[in-house]
Amino acid sequence: MSASEAVHSETYEKLVALLDERGAAYRVIEHAAEGGTEAVSRLRGHSPAQAAKCIVVMVKLGKKEKRYVLAVVSGDKRVDLGAIKGLLGGSYAGFASQDVAERLSQCVSGTILPFSFDPELELIVDPALLEHPEFFFNAARLDRSLALSTSDYLKVAEPRVESIAVG
């Protein structure tokens with residue numbers, strides 16, 4: 001196992017321990033390695049609208065000040081960078097570089113969790129994802145997903161809920 005894989009395995013273990021500790025209702029789904037929302041939704045047998053698409057966004061607040069947001073939207077939507085920029089009062093919003101996204105999320109791209117374990121990463125979730133009784137996401141691995149109760153997610157993750165999706 002590479003050092004990178006070890007970190008991501010730790011992230012998965014940390015998530016499962018947190019969900020177990022808090023009594024959250026979830027199911028583990030093993031599947032072929034896949035990071036694309038449409039393809040993995042087919043493998044898991046649900047609509048892309050029930051998939052959490054998790055994107056790390058960088059928002060510039062000033063010349064030398066930045067904030068990072070873990071934007072979580074339904075798999076059939078896109079992240080609205082303008083909405084996130086407006087929520088934080090920023091001058092610019094864009095996708096974080098892959099290395100920054102992976103460092104802050106402690107996951108490789110395609111497996112980013114809808115949870116933040118880093119104080120630098122603010123968690124904001126679009127309300128459309130929360131309309132379903134459960135939703136699905138890759139769990140820090142391309143070959144393993146979780147189906148998680150939405151109400152338990154809200155209790156455990158305590159995300160900021162804002163309209164941040166388009167499409």
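Which backbone nitrogen does a side-chain oxygen of Asp80 reach at the start of helix α3?

## Helix α3 and its two ends

In this predicted model, helix α3 spans residues 81-88, and at its start a side-chain oxygen of Asp80 comes to within 3.1 Å of the backbone nitrogen of Gly82. After α3 comes Gly89, a residue whose phi is positive, near 65°.

## Ser105 in helix α4

Ser105 belongs to helix α4, which is made up of residues 98-105. Because its relative accessibility is 5%, and buried means under 20%, Ser105 counts as a buried residue.

When residues up to four places away in sequence are not counted, Ser105 touches Thr11, Ile112 and Leu121.

## Ile124 in strand β6

Strand β6 covers residues 121-125, and Ile124 is found within this strand. With a relative accessibility of 0%, Ile124 counts as buried, because the term applies under 20%.

Once its neighbours within four places in sequence are left aside, Ile124 is in contact with Val69, Leu70, Ala71 and Val72, and also with Leu87, Arg160, Glu162 and Ile164. As for Val100, this residue is 24 residues from Ile124 in sequence, and the C-alpha atoms of Ile124 and Val100 are 18 Å apart in space.

Asp126 is placed in the loop between β6 and β7, the latter being residues 134-141. Although Asp126 is buried, it has no salt bridge, and the nearest side chain of opposite charge, that of Lys77, is 6.7 Å away. A salt bridge would require a side-chain nitrogen of Lys or Arg within 4 Å of a carboxyl oxygen of Asp or Glu.

What the side chain of Asp126 does reach is backbone: the nitrogen of Ala128 is at 3.1 Å, and the backbone nitrogen of Ala165 lies 3.2 Å from a polar atom of the Asp126 side chain. Leaving aside neighbours within four places in sequence, the residues in contact with Asp126 are Val72, Val73, Glu162, Ser163, Ile164 and Ala165.

How values were computed: Residues numbered from 1 in each chain as written. Predicted model: local features only at pLDDT ≥ 70, side-chain atom pairs only at ≥ 80, totals over all residues. Heavy atoms only, no water. Helix = DSSP H or I, 4+ residues; strand = E, 2+ residues; numbered from the N terminus. Buried < 20%, exposed > 50% of the residue type's maximum accessible area, 1.4 Å probe, protein only. Contact = heavy atoms within 4.5 Å. Lys, Arg positive; Asp, Glu negative; His and termini not counted. Polar contact = N/O pair within 3.5 Å; in protein donor to acceptor, adjacent residues only side chain to side chain.
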